[in-house]
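The following account leads the reader through a protein structure, from individual side-chain pairs to the contact between chains. Please keep the sequence and the coordinates at hand while reading.

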Amino acid sequence: MIDAMDKAAGLSLNDARFSARRFRPEFVEGAELCRLSVLTPANDQGLARDLRVALARRMATLNADEALIAQYDAQLAELDPSRRLSALAEGATDLAEPLATIARHVDLVTLSPIKAEESDIARLAEAGLNNPQIVALSELIAFVNFQTRVAAGLRLMRAR
Amino acid sequence: MISSVRLKPLTWHPYIAPVELPQATPEQLDAMKVTPSAKKVSEYVRTLVHDPESYVARTVLFNAIMYVEGGLARPDRELGALGASIVNGCKFCAVVHARRHAELTKSDDVVTALYLERPETLGPRDAAINSFARRLSAAPSEATADDINSLRSIGMDDIEIIDLIHAISIFGWANRLMHVLGHAESGK
């Protein structure tokens, strides 16, 4: 069965990379369970699914990942997002709080994690995020940055 | 002759209050696999278990990527982790995986080359892995088909390359937790 990572990497059932990926069923299943744990968790900690998908779409754009942009756009469309979440997804910075602070953090940690400082976490708390929300947001950011790198690597393996 | 770099372990402390075991929910305790009477659970675990679902899913995947049998050699996975951690600025992860690489290979040579920023002293295999790890870790990724060709030219098959992609990518994840949510200090 084709999963989200295959789709992002452009793998079809008869692709050699599709079979090579299945040499590690624990990676295939593990990545999918991680995806569900950050996008559709049973307990969303107050960070709703449409917000999570909008942020994932924003990060796909920061990573210039066309396939993941399309995948998250489709998921977001199904959730009938508000205008402010659509703007967030598309990379807007003139947002109301706490979205502005969340967007700033997502951009920073995606593009230049090396620059992250203690004050960046303090900003999230000042914007009203509690500790479970700060951790859940961090895991979402980290996951999308994992996902886009696995997909990018698999895509590059195509050329021989 | 340059002297070799020997790294001392660092201790990690979070910027937010970790979960205290007496206040942990049954789901958090289950995620940490601890009993309420347990005393020692690291600050790292207790910080990430604020969100137990992602904690469990990520831990299972992380352990599979770094420790699964067969495929890419362990030191190569550690080198991928180290290259990513340097790009992403996670000193804590870099030291952990530099030390593990040195232990596994019984040599500080590769770690020394990376910490002294002398990648030209690496052998062809380590150079290809390090270069790919650096370039895939950029945001957006700067890796190209040439990087994959370099890995193939040192004898890596597709399964080993997929293992390496995962080792680098899972540190695109781990570094964004460890470096963002806390800081590393020497000593305790």
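**Salt bridges, chain contact and local geometry**

A:Arg35 and A:Glu32 lie 3 residues apart in helix 3 (residues 25-39) of chain A, a separation of about one helical turn. In this predicted model, the two residues form a salt bridge in which the closest N and O atoms are 2.9 Å apart. A:Arg35 is buried, at a relative accessible area of 16%, whereas A:Glu32 is partly exposed, at 23%.

A second pair is found in chain B, where the side chains of B:Arg125 and B:Asp76 meet in a salt bridge with an N to O distance of 2.7 Å. B:Arg125 belongs to helix 7 of chain B and B:Asp76 to helix 4 of chain B, so this pair ties together parts that are 49 residues apart in sequence. B:Arg125 is partly exposed, with a relative accessible area of 29%; B:Asp76, by contrast, is buried, with a value of 6%.

Chain B also contains a salt bridge between B:Asp158 and B:Arg152, with the closest N and O atoms 3.1 Å apart. Both partners are buried: B:Asp158 has a relative accessibility of 17%, and B:Arg152 has a relative accessible area of 15%. In chain A, a network of salt bridges links A:Asp3, A:Asp6, A:Arg21 and A:Arg22. Over all chains, the structure holds 16 salt bridges.

The contact between the chains may be considered next. It takes 54 residues from chain B and 51 residues from chain A. Together the two chains bury about 4400 Å², of which 68% is on carbon and sulfur atoms. On the side of chain B, the residues that lose the most area to chain A are B:Glu53, B:Trp173 and B:Arg176, which together account for 15% of what that side buries.

How many salt bridges does the rule find across the interface of chain B and chain A? There are 2. A:Arg24 and B:Asp163 form a salt bridge through their side chains, with an N to O distance of 2.7 Å. Polar contacts between chain B and chain A number 19 residue pairs, with both residues at pLDDT 80 or more. Several helices of chain B each supply at least two residues to the side that touches chain A, including helix 2 (43-48), helix 3 (52-67) and helix 4 (74-88). Helix 9 of chain B gives the most to this side, with 16 residues. By residue type, the side of chain B that touches chain A divides into 30 nonpolar, 15 polar and 9 charged residues.

The cysteines present another aspect of the model. A disulfide is a covalent bond between the sulfur atoms of two cysteines. A search of the whole structure finds 0 disulfides over all chains. A:Cys34 is in no disulfide, and the nearest cysteine sulfur, that of B:Cys93, is 16 Å away. A:Cys34 is buried, at 0% relative accessibility. The sulfur of B:Cys93 has its closest cysteine sulfur in B:Cys90, at 3.0 Å; this is too far for a bond, because a disulfide requires the sulfur atoms to be within 2.5 Å. B:Cys93 is likewise buried, with a relative accessible area of 5%.

Within chain A, A:Leu51 lies in helix 4 (residues 49-62) and is buried, at 11% relative accessibility. Leaving aside residues up to four places away in sequence, A:Leu51 touches A:Leu85, A:Leu88 and A:Leu99. A:Leu51 and A:Ala20 are 31 residues apart in sequence and 34 Å apart in space, C-alpha to C-alpha.

The backbone deserves a final look. Most residues other than glycine have a negative phi, and most peptide bonds are trans. A cis peptide bond, with omega about 5°, joins A:Glu97 and A:Pro98; A:Pro98 sits in the loop between helix 6 (83-89) and helix 7 (99-111) of chain A. In chain B, the peptide bond from B:Ala139 to B:Pro140 is cis, with omega near -5°, and B:Pro140 is located in the loop between helix 7 and helix 8 of chain B.

A:Gln45 has a positive phi, near 60°. A:Gln45 occupies the loop between helix 3 and helix 4 of chain A and is buried, at 16% relative accessibility. The phi of A:Asp80 is also positive, near 50°. A:Asp80 is placed in the loop between helix 5 (66-78) and helix 6 of chain A and is exposed, with a relative accessible area of 66%.

Definitions and conventions
Residues numbered from 1 in each chain as written. Chains lettered and ligands numbered in written order. Predicted model: local features only at pLDDT ≥ 70, side-chain atom pairs only at ≥ 80, totals over all residues. Heavy atoms only, no water. Contact = heavy atoms within 4.5 Å. Buried area = accessible area lost by both parts, 1.4 Å probe. Salt bridge = Lys/Arg side-chain N within 4 Å of Asp/Glu carboxyl O. Polar contact = N/O pair within 3.5 Å; in protein donor to acceptor, adjacent residues only side chain to side chain. Helix = DSSP H or I, 4+ residues; strand = E, 2+ residues; numbered from the N terminus. Nonpolar A, V, L, I, M, F, W, Y, C, P; charged D, E, K, R; others polar. Buried < 20%, exposed > 50% of the residue type's maximum accessible area, 1.4 Å probe, protein only.
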